[in-house]
Amino acid sequence: MNTFEEKKEAEENRLRLEEEQRLAEIRAKKEKELRDIREKEALEAIFKQEQERFQEEEIDIIRLENEKLAALAILLEERQLEADWIQHLDCSVLPDPKIEKDMNTFLSLLAQDNLIKENEPSLKNLFHLLPNVKILSLELEKQMCIAEDNQKTKEYARLHSHLVKLNEIINEKWDVLTADILQHIDYFTREPNENFQLTESGSDFNVGIWGNVTKNPRFKVIEFTDQNMSASLPKPLALSSVGIRMLYQLDSTVNTIYQENLIEGKLHMSPVCGILLLDIVEFPELPKIVDNWNIRQILSPNGKLKKLAYPFKKVVAEEEATDEKEEEAIDSISWPTLVSYQIQENCFIDKNSAKVMYFKEETKSWEDDNISDVEIDVEKGLVKFRTTHFKPTAVVQHTYSEYPYRSWQMYPIGKDKAIISIQGKNNLLELEVYKGECKLLSPSNNYIKNNLQDKYMSPRLLLKKISMLGLNFTAPESLIGLELEEDFILKNPVGDEMCSLGISLCAQSFCFRQSPSNRKISSSKCTFQFKEFKEGDIASSTEENDLIWNSVLFDVKYKLNDELFKVGFVVPGTTVTNETKFDFETQQSSIIHSSVYHMIKPYAIDPVNISRLETSSALFTRTIYQILKATKLISW
């Protein structure tokens, strides 16, 4: 009996507890509904009450932008006048890339300029041209970066076409002079029974030209010792009338020429540390003297270099059943050339994605078929590989090897000066910003010390320069060619734009850094951390107590009554989630704003910082904005 009563009592208790739990859930649900209604009503009241303020903030942002743009236009015009005057004093013969007519005339005359001097085979006439060509190439590259920053796609395409044309003209002159040298090898000192060899070097190129005079199968290797370049001679080459030219070019403008098209399903690759132009050419017969006449074989009526395809095609009779393509494939595998060349020491090569590849002109892509036994010694800068492709070849790596970033921070170091550091997947990039330009602080190697150290330039131009060394910090414009982490959330570009603008306007008065929460919230929301700048506290800015920092939470798709708003507010501390909401009860720490600038501005307490908000240089503000846009720090 007792057992029955106990069971009955236990069942009644269970039912009572379930009912209490059910009623508690109903109460909690009703309380949540009432709280949501109150929050919605409060939010509607705030939006209704503050609508005028939102509009004033939007007008204020437009005013600030217009003022900065007007001041910027005056400063840029002054700079341009100064540059024009310097060019005038220098009596420069180079055209202004911005003037289409002058560029076309210059390129046309350059193409027609005949560098060959009769009975004087040499590369020296080309060497006289190269300094001016480099100056023009760098100016074209600079103007391309400006066009890219200003989103002038047509202007960028026009300048790029001129850069490509300039490169083609110079390459043609390399070819014509190489052909002339090979036809006049008797003008050069050479031991009997030795092959022809010529080498030259410049500040950003090495060239070696070799001609197979002896056709000796025992001759196995071509060595351009001073240039640290070499190539083995497989049997088909050792027995053929061929010449080989190795032309190594280290220049960011050359890298621009060999940019890969975006290909769906293929990682986008970019060259690192220059391009090796590897060519196999037809070698003319040695000149013969007949009755005081010097008879030379002319391989091309227009004097151009006659480049050969390798492996050599076999002549196949129609009745033979041999598949010619299969024969060529077998030859390719059987007779590769072992090539080695020198690149810059201690380049920032991504070991996970770096390869040696050749540029396939037909598809504008980097390929690695029939390239094997690759060795890349980063410390010594020595590259070795086997290949059957005599085409533009380079060490290439994943273009976006630094993405997504691990962290970033920014802080002022004086009037119109700031430091921006970005920790990529492989390298830490540190830039100093000063007015309209920036310079590289770290990392460094010998090339950077000699060519980039303490040199100020526009952000996008500097990013392009260092990408040549493997520091790829320029953000992608498309998801094609990317390999994203599974949990990566790409941010809405409008949110990125508004956050970048707000940070750039406040960069003289505040420190900023990445918020780890940014990768955990929805794509329409952006968050980052900030605090007011104080003299002397920048060295430990990333190690301070999180209570010193606040977080900006901005949503470009905040929904209220089926209407979308671009609004945000400041969250005390550093923790932000998708559930983070505005504190309607107190509203002590923040109010809702329609712009990031107006969210951060009230936190400037120091009179110096308050003054700098309005008086920071337009050039400085623009440079910070350009860095944020070029790297897409908020999104990545």
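Trainee: How many disulfides does a search of the whole structure find?
Mentor: Keep in mind that this is a predicted model. A pair of cysteine sulfur atoms has to lie within 2.5 Å to count as a disulfide. With that cut-off, the search of the whole structure finds one.

Trainee: Which cysteines form the disulfide, and how far apart are their sulfur atoms?
Mentor: The partners are Cys-273 and Cys-347. A pair counts if the sulfur atoms are within 2.5 Å. Here the sulfur atoms of Cys-273 and Cys-347 are 2.3 Å apart.

Trainee: How many residues apart in sequence are the parts that this pair ties together?
Mentor: Start with where each one sits: Cys-273 is in strand β6, whereas Cys-347 is in the loop between β9 and β10 (355-360). So the pair ties together parts whose separation in sequence is 74 residues.

Trainee: Is Cys-347 buried or exposed?
Mentor: Its relative accessible area is 5%. The cut-off for buried is under 20%, so Cys-347 is buried.

Trainee: What about Cys-499: which cysteine sulfur is nearest, and how far away is it?
Mentor: Cys-499 is in no disulfide. A disulfide needs sulfur atoms within 2.5 Å. For Cys-499 the nearest cysteine sulfur is that of Cys-526, at 4.5 Å.

Trainee: Back to Cys-273: what is its phi near?
Mentor: Most residues other than glycine have a negative phi. Cys-273, found in strand β6 (residues 269-282), is buried with a relative accessible area of 0%. Its phi is positive although it is not glycine, near 60°.

Trainee: β12 belongs to an open sheet of five strands; what is the strand order?
Mentor: Strands of a sheet pair through backbone hydrogen bonds, either parallel or antiparallel. In this open sheet the pairing is antiparallel, and the order is β3-β4-β9-β13-β12.

Trainee: Which strands stand at the edges of that sheet?
Mentor: An edge strand here has a single partner strand, so one side of it is left without a neighbour in the sheet. From one strand to the next, the twist averages 10°. The edge strands are β3 (221-224) and β12.

Trainee: Which residue in β4 is the bridge partner of Glu-223?
Mentor: β3 and β4 run antiparallel and are joined by four bridges. They form a hairpin with four residues between them, where Asn-228 in the turn has a positive phi of about 55°. The partner of Glu-223 in β4 is Ser-230.

Trainee: Where is the cis peptide bond that has an omega of about 5°?
Mentor: Most peptide bonds are trans. In the loop between β8 (293-295) and α7 (324-334) sits Pro-311. The cis bond with omega of about 5° joins Tyr-310 and Pro-311.

Conventions. Residues numbered from 1 in each chain as written. Predicted model: local features only at pLDDT ≥ 70, side-chain atom pairs only at ≥ 80, totals over all residues. Heavy atoms only, no water. Helix = DSSP H or I, 4+ residues; strand = E, 2+ residues; numbered from the N terminus. Buried < 20%, exposed > 50% of the residue type's maximum accessible area, 1.4 Å probe, protein only. Pairing = 2+ DSSP bridges. Axes fitted to C-alpha atoms, helices over the stretch in contact; angles between N-to-C directions.
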